Every structure is written in C-alpha cells, then in structure tokens.
Amino acid sequence: MAITKVNHPDLLDLASDTGATVFPKGTTAERPVSPEAGYIRFNTTDDVMETYDGTEWKVLDTIIPTYDVDYLVVAGGGGGGGTTYGGGGGAGGLRTSYGSVSGGGSAAESSLTLAGGTEYTITIGAGGALNTNGEDSVFSEITSIGGGRGAKRTTQQPLSGGSGGGGGSYAGMTIGAAGTSGQGFAGGNSNGTPSTLQGGGGGGAGEVGHNEASTSTGGAEGGDGLELSINGTATYYAGGGGGGAGGKAVSPGGAGGGGRGAGYNKWGTGQDNALPGTANTGGAGGGGGYPGAGAAGGSGVVILRMPTDKYSGTTTGSPTVTTDGSDTILTYTSSGTYTA
C-alpha cells in the first residue's frame with residue numbers, strides 16, 4: 001500500500017524523497033524518566049540511536065564503515081646454532097598482501113578488511129637467543145611464525161619455523177629444518193667433512209639456505225629475504241643467518257638482516273664471531289664457528305598501508321607514520337594497536 005502525503009502540521013511526513021526526520025536527542029542523563037517500550041532517541045553522549053525495549057535502552061543497528069589495508073607481518077628471526085660449526089638461524093616468517101609475492105614463494109595474500117571503530121592488536125616478535133627460535137608477530141588474525149634455530153654441531157638439531165634453521169656439523173652432516181608454507185624456506189645442510197667442518201645457512205623468506213660443500217670457504221650463506229616496497233622504499237626483510245665454519249672465512253647472512261656466520265682462520269691467528277640478525281627485519285643470527293660464537297636473531301616488524309582518507313589516527317605503541325602518494329603507512333617496531 002502506498003503512503004499518501006498529507007499536509008498537516010501534526011503528522012509525520014514519510015513520503016518525502018529529500019527530507020529528513022529529527023528525533024528527540026540528549027545525553028544519557030537526559031533520558032526520559034519513565035520511558036515506554038518503543039521510545040526512540042539520539043544519545044549525544046555515545047553518538048548512537050537508541051530505543052527502549054520496555055526494560056532497558058538498546059543501541060539500534062547501525063552501518064559500520066569498513067575499508068581494506070595492506071600489511072606486512074614479519075616474525076622474529078631464529079638464533080644461530082653455537083658454538084662450533086653451528087647452522088645459521090632461520091628468518092622470521094613473512095606474510096604480506098602487498099605486491100605479488102609473499103614469504104616462501106607463495107602468492108601475496110588478500111588485503112585485510114577493517115571495521116570502523118574496532119581496535120586491532122599488533123604484536124612484534126622478539127628475535128631468538130642463541131640456539132632458540134624467534135617469536136611470532138601478529139596483526140589481527142594474521143600470524144607469522146618465529147624463525148627456527150640453527151643446529152648446534154650435530155648434538156642439537158635445527159628447528160622448523162617461519163624459515164628453517166641450518167644444519168650443524170661435527171660428526172657428520174645435519175639436514176636443514178623446514179620452513180612454513182607461505183612464510184619462508186628451509187635451512188641448508190651442513191658439511192660433515194672432518195677437515196672442513198661447516199654449518200648450513202638458515203632459510204630466508206625469499207630463498208632456501210645454502211648447503212655447504214666447499215672445502216676452502218666459510219660456512220654456507222643464509223637464504224635471502226624478500227624485497228618489498230610497502231613502506232614506499234624497496235627494502236629486504238627476513239634474511240637467513242650464515243652458517244658457522246671451521247674453514248678460512250665467515251659466511252654472509254641473507255639479504256634482509258641475516259647475520260653472518262662465525263669463521264676461524266686456522267692458517268693464522270684470527271677469529272670472527274657471528275653477527276646477530278638486524279632488529280625489526282626478522283633477520284636471523286649467524287651460526288657459531290671454531291671457536292667464534294654464534295648470535296641471536298633480530299626482532300620482527302609489522303607495517304600497515306591504507307588510504308590516507310581512511311586513516312583514523314588512533315594508535316598505541318608509537319608506530320612511525322609516513323605517507324606515500326595517497327596512502328598512509330604505519331610501521332610498528334614494538335607492540336601496539338590500531339583503531340580503524
């Protein structure tokens with residue numbers, strides 16, 4: 001049945017196509033003293049429409065605005081194995097919706113849809129200590145797994161993680177540990193040759209850790225991380241740690257913050273300790289050599305990229321806020337929140 005427009009000062013006009021209706025409004029304290037079921041008003045304290053159901057005031061259903069954000073979530077890198085011919089640590093797991101590729105060679109994930117007014121938690125995973133996995137990083141339901149530790153000789157096996165730890169060497173060869181699908185690659189294998197004991201490189205987000213088969217160089221290189229421009233600048237993240245060596249030279253870590261492995265110049269007098277993974281890259285620590293020590297992994301990072309006209313400006317954890325074209329970018333190096 002059609003609604004007929006009636007011109008009368010005491011009737012509500014529901015037939016107008018362009019008009020609007022003004023409901024009673026006021027603060028929570030100004031609600032009617034003796035309301036009846038069906039009362040409707042605008043609550044200026046909470047900025048919501050509310051109705052009385054005969055027992056209590058309830059908020060009317062409203063349309064909640066949503067918008068999409070791109071993300072990069074990198075976990076903490078794994079610690080290198082140490083001491084003595086340890087494997088490089090595996091890089092922290094890397095998940096991203098930006099660009100075309102995510103960690104472990106998988107396709108980039110879908111952007112995440114945020115609901116206006118909702119608070120989302122960001123957790124930054126710490127790098128793993130020597131012989132220890134890194135910690136997970138989290139943004140909402142997106143979790144990246146901490147990097148796997150490198151092996152300690154052949155007495156402590158490497159562990160899987162976002163990327164896998166490299167194998168260790170002493171009384172034989174150790175196989176590198178697996179990475180996590182969609183986050184990172186496996187670690188490399190060690191060399192079990194008694195005269196040139198060398199650990200395998202840790203896996204990276206963009207490459208498998210290198211196997212060590214050389215008799216003249218240091219341990220195996222860590223796997224490279226993944227290069228992304230989500231922050232407006234092409235940057236590598238999540239590189240694997242280099243394997244430790246009893247040979248002549250140190251082994252580089254993978255691009256993306258991976259620490260070098262330790263080396264020992266047995267034809268001279270010097271020794272070089274491993275280096276830790278770089279903070280806030282998810283890079284892993286290098287493995288220990290003979291007798292140079294292994295090193296810890298680097299902490300992770302979370303980066304969010306969204307249209308500037310959608311950015312709420314409500315955060316905790318003191319992220320760095322930058323812009324790139326029409327987008328705003330939040331870089332979290334410590335845990336915090338973002339309210340959409």
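Two strands count as paired if DSSP finds at least two bridges between them, and the strands themselves are DSSP runs (E, at least two residues), numbered from the N terminus. With that in hand, look at Thr316, which stands opposite Thr337 in β19. These strands, β16 and β19 (residues 336–339), pair in the antiparallel sense over three bridges.

Before going on, a word about what you're looking at. This is a predicted model, in which local features need pLDDT of at least 70, side-chain atom pairs count only at pLDDT 80 or more, and totals for chains, interfaces and linings use all residues. Residues are numbered from 1 along each chain as its sequence is written, and side-chain values use heavy atoms, with hydrogens and water left out.

Now step back to the sheet: five strands form an open one in the order β10-β9-β8-β19-β16, with antiparallel pairing. At its edges sit β10 (142–144) and β16 (314–316), each pairing on one side only. Ignoring direction, neighbouring strands here are turned by 15 degrees against each other on average (axes are lines fitted to C-alpha atoms, and angles run from 0 to 180 degrees between N-to-C directions).

Next, the inside. A nonpolar core is a set of buried Ala, Val, Leu, Ile, Met, Phe, Trp, Tyr and Cys residues joined through side-chain atoms within 4.5 Å. The largest one has 18 residues, and Val302 and Tyr338 are among those with the most contacts inside it. Strands β5 (66–74), β7 (112–115), β8 (119–123), β15 and β18 (327–332) each supply at least two of its residues, and the largest share, four residues, comes from β5. Apart from this core lies another, of 13 residues, among them Ala91 and Ile329.

Strand β15 (residues 301–307) also carries Arg305.

Finally, confidence: pLDDT, the predictor's confidence in each residue from 0 to 100, averages 88 over the chain, and 86% of the residues score at least 70.

Conventions
Buried means under 20% relative accessible area, exposed over 50%, partly exposed in between (1.4 Å probe, protein chains only).
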